[in-house]
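Please work through the following exercises with the structure at hand. Each task is followed by a worked solution.

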Amino acid sequence: MLTRRRIHVEGVVQGVGFRPHVYRIATQNQLTGWICNTARGVTLEVQGVSESVSAFLDGLRLQPPPLARITAVASEEIPCAQEIDFCIVQSTAGGHAHTLIAPDIATCPDCLRELFDPHDRRFGYPFLNCTNCGPRFTILRTIPYDRPNTSMQPFRMCAACQAEYDDPANRRFHAQPNACWQCGPQLALLDANGNAIPGDPIQQTIEHLRQGAIVAIKGLGGFHLAVDATQPHAVARLRERKHRWEKPLAILVADIAAAERLCNISPEERSLLESPQRPIVLLPRKSDTPIAPQVAPGSPELGIFLPYTPVQHLLLHSGNFPALVMTSANRSEEPICIDNAEALYRLRSIADSFLVHNREILLRCDDSIVRRAQQHTMPLRRARGFVPLPIPLGRDVPSVLAVGGELKNTICLTRGQEAFLSQHIGDLENLAAYGFFEETIAHLQNILEITPQAIACDLHPEYFSTRWAMQQSSLPVCAVQHHHAHLAACMAEHSLSDAALGIVLDGTGYGTDGNIWGGEILLAHGAKFERKAHLNYAPMPGGAQAIQEPWRMAAGFLSLLPEPQFTEGLACLQSLYGVNTGAMRHMIDLHLRSPLTSGCGRLFDAVAALIGLRSTVRFEAQAAIELEALCARSTDTNAYPFEILAGEPLQISTVPLFDALLTDLHKHSASAVISRRFHLGLARALADATASIAQAAGNPPICLTGGCFQNVFLAHALEKELRERGLRVYTHCLVPAGDGGLSLGQAWIAAQEIASKTEGNP
Ligand code: ZN
Ligand code: ZN
Ligand code: FE
C-alpha cells in the first residue's frame, strides 16, 4: 500500500546540504519523489510503503544535516503519483527570499580526515570545506547564496570539484565554496613589505612563530595576530605593539587534550569548545602550565578555542605548539582587519609577517566568546558561528532597525517572528568602527531583504548610534532608555510578552532624569517601563575620569557616609594610592564635575579601590573582574548590610555597606572575605527589594540583565536569593547581558510601540 506526503520545511535549510541529505535518506528508504528549494525553505514529496515513509520522516526529524536549523515542518498526505525515482528539482526563480543564511562553521570531521589523508586529493589543502562546514556569512556579497554572489566567484571549479558539486549523493553537492589545490584559493606568506616569502607558507609560518615572530593570519572573519603563547618575549612584544596592556589574550590549542593540559574543563565546557560554532570559552586555568604569564596576567581564567579552519589545524598539527595566542588583528578598539592590503598597511608596525590568501573576506566577523555559568551558557560576544542566525521571538512583529549603544555595539533587524542581531561591531567612538557600523546596517538589510518601518536607538543624545538614527529623516525614531532596552533584550530572548521585572546592573546608561543609571529595578509592560528601585546616587568626581580611576568612585560613595567615616575613608584612599583627596573632597562638596550615578559597575569600582585592588583600570570592568576573582579564595558566608529606603522608586542605600566595609578594613580582614561579603550583601539587598516589588506587581517573571551579570558569582548568588523567595528567574542565553545585546531590546520595544499604535488606529 503506497502513500505520498508533501512536506514543507522552514529554517536554515539552504546552503547546508539539506537536499542531498534528504536525497540520501529517501533513496535509503526506497522512496520516490522530489525536493526543491522554495521562497520559504524547501518543499519535498515522498512516496512509498507507509513504514518507509514514517522511517524517512523520523530520519529527517532525528538526524537533520549538522548545519540545518529547522524552525517549522508542515506535512500533508496527498494522492500518489507515477514516478520511478527521487530527484532534486531546480530551484524556482526568486527561491531565496526568507530563507536563512548559515553562519561560518568549523571544519567538519569528514573534511578533517581528508585534510590529513595523504591519499586524498585535498591532502593538506588549507581551504577544503563541504556543505557541512566552511565559510558562509563572511563570503556572501548578496543573495541568493550562490557561488557568483560570494567571494568564491573568481575561482572556477575544476572538473573534479564540479562533478562533486553536481552529484546529489556527494557531500559537496551545491557546496558553494567547494575548492581544491587545483582550482581554489591559495595561501602566501608575505614579509612586512608585502613580498612573498619562498617555501611552503604553512611550514614557513610555523618557523616564524617558533622564532618568536608576530604573524598576521587571515582567517574566516578577519585577520588574527598570532604568536607562540609559551614565549614570554613574543607575547610581551605583541602587547606592546598592539597597545593592549593587560586585557587577556585568547589562545588556540590543537584539541581537547591540549586544552585540558591548561584548564579544568567540565563536560558542558568541552561540548562548547568542540561545537561547530567554536567560540572562545573562558575556562578556569590550571597552575604550572607552559603559557607565558603575559597572556592573561592576574586572571584566573584563560580564553581558549579549538581550530575552526583548515589553516589553524595545519599550523597546530605540524607546528606542535602547546598553544598560540590568536587575537583580533587591529590596533586597540579598531575593527578587525579583513583585506590583504589593509592588513599590510594597518598592521605594518605590529606584525612581522603576513599569512594571507586570495579569497576575499566580505564581512568582518570576530570570534565569539562564551562563559559557562552553573546551569547555562552566557554569550559574552556573539559573532562568528552564530551570526546571522535569528533569535526567535515567538510572535509576529513589525520590521524595525535597532542601532544599539555606543560600546560593544551591535545592530538588530526584525522580520516576521525573528530578530537578526549583527555580529559584534565594536566601540563607535572609533571612526573605523563607525564605518563598519554603517556598512553592517546596509549589508544586513540587503541580505535579509528587510525594509524597516522605524528605527530604535538609545535615549543618550550623544551616542554616535543615536545621532545616526536621528539623521535618517525618512523613518520614525523610537528612543529607548538604556536599561529598559537591557530588560527588553532578556524578555525578547524568552518571549516574555506580558509584564516583567528586570534587575538591570551595568556601568553607565542615560537615565530619564538626566543622571547616569546602572543599578536599576525596572518593571516593563508593553512598550513602557517604571523605575521601581535603584542603587542610591553617588557623585562621580571628575565625570568620565572616575571610570578610569576607581579610587575616585570610592571617594564618591564615601561622601554619602556621615562624619567621621567620610574623612577616615578618604585618609585610607590617600595612604593606599598617594592621591590628593583634599581636591577630591572639594569637588564633591561643591558638586563640581561630579555627575550622579546609580551604576552598579561604579559600586564595584569603589569597593575594589577601597580594598587596594587598583587605582586605575586598563580595560572596561577590569576592577570588577578582579574583585569577583577574589571570591573564590574565601568561603565566608556573611553578607554586608544595605538599607532599602521607602519611596517611589525605592532606594537601595550603600551607607551601611561602606560603614561595615571600613570596619573590616580597620580589622585588616582579607580582601577575599570583604569581596564575598560585598557580593553576598548586594545579592541579598537586590533580592529583598525585588521580592517586595514583585509581590505588589502580581509576581511577574524576573530578568537578570546588564553587563554586571558577566560576574558569575554575583549572578549565582542573586539567582539563589530570588529562587528562595519563590521568584521565577530568567537570564541571557542567546545574546550578551551587556551592551552587545542592547539592540535586541531596542527592537523589541520599538516593535511593540508600533504594534500598539496600529492596534489603536485600525
Ligand atoms: Zn566539511
Ligand atoms: Zn577543484
Ligand atoms: Fe549597558
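The exercises below treat metal sites, cysteines and a helix.

This is a predicted model, in which local features need pLDDT of at least 70 and side-chain atom pairs count only at pLDDT 80 or more, while totals for chains, interfaces and linings use all residues. Residues are numbered from 1 along each chain as its sequence is written, chains are lettered from A and ligands numbered from 1 in the order in which they are written, and side-chain values use heavy atoms, with hydrogens and water left out.

**Exercise 1.** Determine which residues coordinate the zinc ion (ligand 1), and state why the arrangement is tetrahedral.

*Solution.* Step 1: Donors are N, O and S atoms within 2.8 Å of the metal (3.2 Å for Na, K and Ca); water is not among the atoms, so sites may look incomplete. Step 2: The SG atoms of C108, C111, C130 and C133 coordinate the zinc ion (ligand 1) at 2.3 to 2.4 Å. Step 3: Four donors count as tetrahedral if all angles lie between 85 and 135 degrees; four count as square planar and six as octahedral if opposite donors are over 155 degrees apart and all others between 65 and 115; anything else is irregular. Step 4: The four donor atoms subtend angles of 102 to 120°, and the arrangement is therefore tetrahedral. Step 5: Along the chain, the donors follow the spacing C-x2-C-x18-C-x2-C.

**Exercise 2.** Describe the site of the iron ion (ligand 3) and its geometry.

*Solution.* Step 1: The protein donors are H482 (NE2), H486 (NE2), D506 (OD) and D739 (OD), at 2.1 to 2.3 Å from the iron ion (ligand 3). Step 2: Because the four donor atoms subtend angles of 84 to 168°, the arrangement is irregular. Step 3: The spacing of the donor residues in sequence is H-x3-H-x19-D-x232-D. Step 4: Both H482 and D506 are buried (under 20% relative accessible area; exposed is over 50%, partly exposed in between; 1.4 Å probe, protein chains only).

**Exercise 3.** How many residues of helix α15 are buried?

*Solution.* Step 1: Helices (H or I, at least four residues) and strands (E, at least two) are DSSP runs, numbered from the N terminus. Step 2: Helix α15 spans residues 550-558, and nine of its nine residues are buried. Step 3: Among them are W551, R552 and F557.
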